[in-house]
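Please walk through the model shown here, beginning with the fold as a whole, going on to the ligand and ending with the charged side chains.

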Amino acid sequence: MIILGIESSCDDTSVALLDCSKQGHFVIKEITASQIDIHKKYGGVVPEIAGRMHAEKIVPLIEAILKKRPTPNAIAITIGPGLITGLLVGLEAAKTLAYVWNIPLVGVNHLEGHIYSVEIGQNKIQYPAIALIASGGHTELIYISKQGKYKRIGATKDDAAGECFDKVAKLLGLPYPGGPEISKLAEKGNHTAIKFPRPMLNNKNWDFSFSGLKTSALYWLRDNIGRTFNLCDFCASFQQAIIDVLVGKTINAAEKYQPKTIILSGGVSANKKLRETLRKEILDQFPKSEVRFPKSAYCMDNGSMIAVAGYYHALKKNSTDWKKIQADPNWKL
Ligand code: KG4
Ligand code: ZN
């Protein structure tokens with residue numbers, strides 16, 4: 001089945017054409033217009049600017065993707081969660097195409113897209129599975145008993161893990177997005193140098209909270225103002241606190257749900273140390289479970305992962321009339 005996937009929920013306009021089947025998902029073409037360079041100046045995503053940029057890019061991207069390529073059998077579009085203007089820009093484009101071609105339109109949850117990002121260029125997920133989705137906007141643990149059956153078992157109560165990386169990077173004067181910058185510096189640092197808290201790690205649930213960690217980073221910097229300190233040690237210690245919480249909660253969830261597959265996806269899943277730590281812990285404690293990460297090209301937001309999620313809905317004829325489909329910026333999986 002040929003699927004056109006469109007993603008515009010945050011700061012990437014991404015359009016992809018995929019050939020999805022039982023055998024796997026083949027990316028025919030994907031083009032992403034990243035807005036990072038624009039938002040960098042402001043130290044984070046400015047929703048109003050993001051919306052305008054999506055409006056500028058969406059039609060040229062769709063045109064470039066479809067030139068001399070097959071007409072899709074269905075369109076998959078992110079309809080939430082995300083920034084409402086971006087969602088609406090993508091949705092209006094998708095609705096127009098669905099009307100003109102008279103083909104099914106499938107609304108996809110952005111987080112569902114991040115789950116299936118691990119199937120792009122890789123094997124299909126074995127169920128039951130647990131997914132830790134960690135990005136700039138989300139930190140959620142999802143239990144997936146079988147394909148398409150999701151239970152949100154934990155989520156952040158305040159900041160997302162990626163947001164925490166970005167905000168602390170800003171305090172350090174590092175450019176946006178802060179995750180890759182901090183992780184690069186952390187490679188040369190000592191992760192035991194500074195004792196940061198591990199928020200909610202020992203609570204008997206799978207929820208997260210990262211705003212306290214951000215505040216303790218702020219206080220540490222304030223208390224040490226004027227003193228020289230090793231930036232790499234700071235980054236390594238801070239990163240380790242986030243990793244300990246993310247990995248610790250995922251291991252706890254694995255104990256309860258005994259999944260065949262443990263998925264780590266979303267922008268933060270690009271973090272090498274996080275991947276290594278999770279892989280090692282799972283191998284030690286659940287040697288029969290498989291740990292899955294997206295290929296690096298599919299960690300950040302992309303149209304291909306939306307197309308794969310949409311493919312599964314299209315198989316079940318789970319589409320929505322273009323006249324009725326609506327975006328929901330707060331849609332929970
Ligand atoms: O999934 P994504 O592209 O967008 C959202 O849906 O939010 O994730 C972007 C987030 C940013 O917060 C960025 O700092 C973080 O992913 N990120 C990382 C790394 N690479 C990207 N965080 C930690 N380590 C990294 N290597
Ligand atoms: Zn995302």
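The paragraphs below take up the overall shape, the ligand site and the salt bridges in turn.

This is a predicted model, in which local features need pLDDT of at least 70 and side-chain atom pairs count only at pLDDT 80 or more, while totals for chains, interfaces and linings use all residues. Residues are numbered from 1 along each chain as its sequence is written, chains are lettered from A and ligands numbered from 1 in the order in which they are written, and side-chain values use heavy atoms, with hydrogens and water left out.

The protein chain has 10 helices and 10 strands, these being DSSP runs numbered from the N terminus (H or I and at least four residues for helices, E and at least two for strands). Its C-alpha atoms fill a box of roughly 65 × 45 × 30 Å, taken along the principal axes. For 333 residues a compact globule would have a radius of gyration near 20 Å, and the 20 Å of the protein chain agrees with this; the radius is taken over C-alpha atoms, and the globule rule is 2.2 Å times the number of residues to the power 0.38. Of the 333 residues, 56% are buried, where buried means under 20% relative accessible area, exposed over 50% and partly exposed in between, with a 1.4 Å probe and protein chains only.

Ligand 1 is surrounded by 20 residues, the closest being Gly136, Asp166, Gly179, Gly267 and Asn271; a residue counts as near if one of its heavy atoms lies within 4 Å. The shell divides into 7 nonpolar, 11 polar and 2 charged residues, under a scheme that places Gly among the polar ones. Which polar atoms of the protein approach an oxygen atom of ligand 1? A polar backbone atom of Gly136 is 2.8 Å from an oxygen atom of ligand 1, and an N or O atom in the side chain of Ser135 is 3.4 Å from an oxygen atom of the ligand. A polar side-chain atom of Asn271, in turn, lies 3.0 Å from a nitrogen atom of ligand 1. Taken alone, ligand 1 exposes 560 Å², of which the protein buries 93%, the areas coming from the Shrake-Rupley method with a 1.4 Å probe. Two or more residues of the shell come from each of α4 (110-116), α5 (161-171) and α6 (178-186), and the largest share, 4 residues, comes from α6.

The count of salt bridges comes to 13, each being a side-chain nitrogen of Lys or Arg within 4 Å of a carboxyl oxygen of Asp or Glu. In one of them the side chains of Lys214 and Asp159 meet at 2.9 Å, N to O, and this pair links distant parts of the chain, since Lys214 belongs to helix α7 (residues 211-223) and Asp159 to the loop between β8 (149-155) and α5, 55 residues apart. Asp159 counts as buried, at 8% relative accessibility. Glu163 forms a salt bridge with Lys167, the closest N and O atoms being 3.0 Å apart; both residues lie in helix α5, 4 residues apart, or about one turn of the helix. Glu163 is partly exposed at 23%, and Lys167 is also partly exposed, at 31%.

A further salt bridge joins the side chains of Arg198 and Asp244 (2.9 Å, N to O), linking the loop between α6 and α7, where Arg198 lies, to Asp244 in helix α8 (residues 231-257), 46 residues apart. Arg198 is partly exposed at 27%, as is Asp244 at 25%. Salt bridges that share partners also join Asp159, Glu163, Lys167 and Lys214 into one network.

Notes: A polar contact is a pair of N or O atoms within 3.5 Å; within protein, one must be able to donate a hydrogen and the other to accept it, and residues adjacent in sequence count only if both atoms are side-chain atoms.
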